[in-house]
Amino acid sequence: KDEIRRNSHHKHSSTYNMTSTLKELLKHDQEQDTSQELERCKSQYALEIQERSLTADTKFNYAFYLVRSNSSSDHILAKRLLQELEKNYPGEREYLFYLCVVYYKLGQYGEAREVIQTLLKSEPYNHQAMEMQKSIEEKLTQEGLTGMAILGGAAIAAGVAVALLGRAISSRR
């Protein structure tokens with residue numbers, strides 16, 4: 001397992017701008033122009049892994065740009081990195097928030113809800129987290145309505161099939 005050192009005097013803000021809007025982060029259809037930053041962070045991450053000097057900041061920065069990608073495989077890797085960070089540094093706001101974002105992007109809305117609720121327990125007035133919770137609840141409601149429509153359609157189809165079968169049997173008599 002790779003060693004992680006926390007660089008406590010250095011917060012992540014130097015690498016990215018926390019003023020990104022939630023809508024930009026949650027976009028699936030349009031990749032933000034972060035490919036150069038992603039490659040830079042990937043190189044730094046690989047170098048620190050090779051040198052056995054991986055810092056939490058480097059791991060987070062790499063995960064942050066993976067989250068902003070449109071690639072599902074990038075999101076899966078970001079999820080793993082953020083889960084590891086959250087395990088090593090429980091309750092860290094940025095780790096929780098971006099773990100929630102990546103769950104959302106992967107369509108894992110139940111997991112996203114759990115993570116955002118954890119964040120809101122420690123920061124109940126965090127507006128970005130409240131917006132995120134609202135987006136998650138909207139997706140869960142949409143999925144619930146879609147699921148109900150699918151089940152309703154299946155029930156109607158089954159009813160039609162039974163009626164047709166009954167009609168076919170009665171016409172043979």
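Modeller: Contact means heavy atoms within 4.5 Å. The model before us is predicted. With that understood, Tyr 109, leaving aside its neighbours within four places in sequence, is in contact with Tyr 104, Ile 136, Lys 139, Leu 140 and Glu 143.

Colleague: Where does Tyr 109 lie, and why is Tyr 109 called buried?

Modeller: Tyr 109 lies in helix H6, which covers residues 109-122. Its relative accessible area is 10%. A residue is buried when this value is under 20%, so Tyr 109 is called buried.

Colleague: How far apart are Tyr 109 and Leu 140, in sequence and in space?

Modeller: They are 31 residues apart in sequence, and their C-alpha atoms are 6.6 Å apart in space.

Colleague: Let us turn to the chain as a whole. What does its secondary structure come to?

Modeller: The protein chain has seven helices and zero strands. Read along the sequence, this gives the pattern α-α-α-α-α-α-α.

Colleague: Among contacts between residues at least 6 apart in sequence, what percentage joins residues at least 24 apart?

Modeller: The figure is 65%.

Colleague: What makes Leu 26 count as buried, and which residues does Leu 26 touch?

Modeller: Leu 26 belongs to helix H1, residues 22-26. Its relative accessibility is 10%; the limit for a buried residue is under 20%, and therefore Leu 26 counts as buried. Not counting residues up to four places away in sequence, Leu 26 touches Val 101, Tyr 104, Lys 105, Met 132 and Ser 135.

Colleague: Why is Gln 133 called partly exposed?

Modeller: Gln 133 has a relative accessibility of 25%. Buried requires under 20% and exposed requires over 50%, with partly exposed in between, so Gln 133 counts as partly exposed. Gln 133 is found in helix H7, residues 127-172. Leaving out residues up to four places away in sequence, Gln 133 touches Ile 116, Gln 117 and Leu 120.

Colleague: What makes Arg 52 exposed, and what is noted about its phi?

Modeller: The relative accessible area of Arg 52 is 69%. The limit for exposed is over 50%, so Arg 52 is exposed. Arg 52 sits in the loop between H2 and H3. Its phi is near 55 degrees, a positive value in a residue other than glycine. Most residues other than glycine have a negative phi.

Colleague: How do the axes of H2 and H3 cross, and which residues make the contact?

Modeller: The axes of H2 (residues 35-50) and H3 come within 9 Å and cross at roughly 145 degrees. The crossing is left-handed. On the H2 side the contact is made by Glu 37, Leu 38, Cys 41, Lys 42, Gln 44, Tyr 45 and Glu 48, and on the H3 side by Thr 58, Lys 59, Asn 61, Tyr 62, Tyr 65 and Leu 66. These residues divide into six nonpolar, three polar and four charged.

Colleague: Why is Thr 58 called buried?

Modeller: The relative accessible area of Thr 58 is 9%. Buried means under 20%, so Thr 58 is buried. Thr 58 is found in helix H3. Not counting residues up to four places away in sequence, Thr 58 touches Gln 44, Tyr 45 and Glu 48. The side chain of Thr 58 also makes a polar contact of 3.0 Å with the side chain of Thr 55.

Colleague: Is Lys 59 buried or exposed, and what joins the side chains of Lys 59 and Glu 84?

Modeller: Lys 59 is found in helix H3, residues 56-68. Its relative accessibility is 1%; the limit for buried is under 20%, and so Lys 59 counts as buried. The side chains of Lys 59 and Glu 84 are joined by a polar contact of 2.4 Å. A polar contact requires a pair of N or O atoms within 3.5 Å, and the value of 2.4 Å for Lys 59 and Glu 84 meets that distance limit.

How values were computed
Residues are numbered from 1 along each chain as its sequence is written. This is a predicted model: local features need pLDDT of at least 70, side-chain atom pairs count only at pLDDT 80 or more; totals for chains, interfaces and linings use all residues. Side-chain values use heavy atoms; hydrogens and water are left out. Helices (H or I, at least four residues) and strands (E, at least two) are DSSP runs, numbered from the N terminus. Buried means under 20% relative accessible area, exposed over 50%, partly exposed in between (1.4 Å probe, protein chains only). A polar contact is a pair of N or O atoms within 3.5 Å; within protein, one must be able to donate a hydrogen and the other to accept it, and residues adjacent in sequence count only if both atoms are side-chain atoms. Axes are lines fitted to C-alpha atoms, for helices over the stretch in contact, and angles run from 0 to 180 degrees between N-to-C directions. A crossing is left-handed if the near helix is turned anticlockwise from the far one by less than a right angle, and right-handed if clockwise. Ala, Val, Leu, Ile, Met, Phe, Trp, Tyr, Cys and Pro count as nonpolar, Asp, Glu, Lys and Arg as charged, and the others, Gly among them, as polar.
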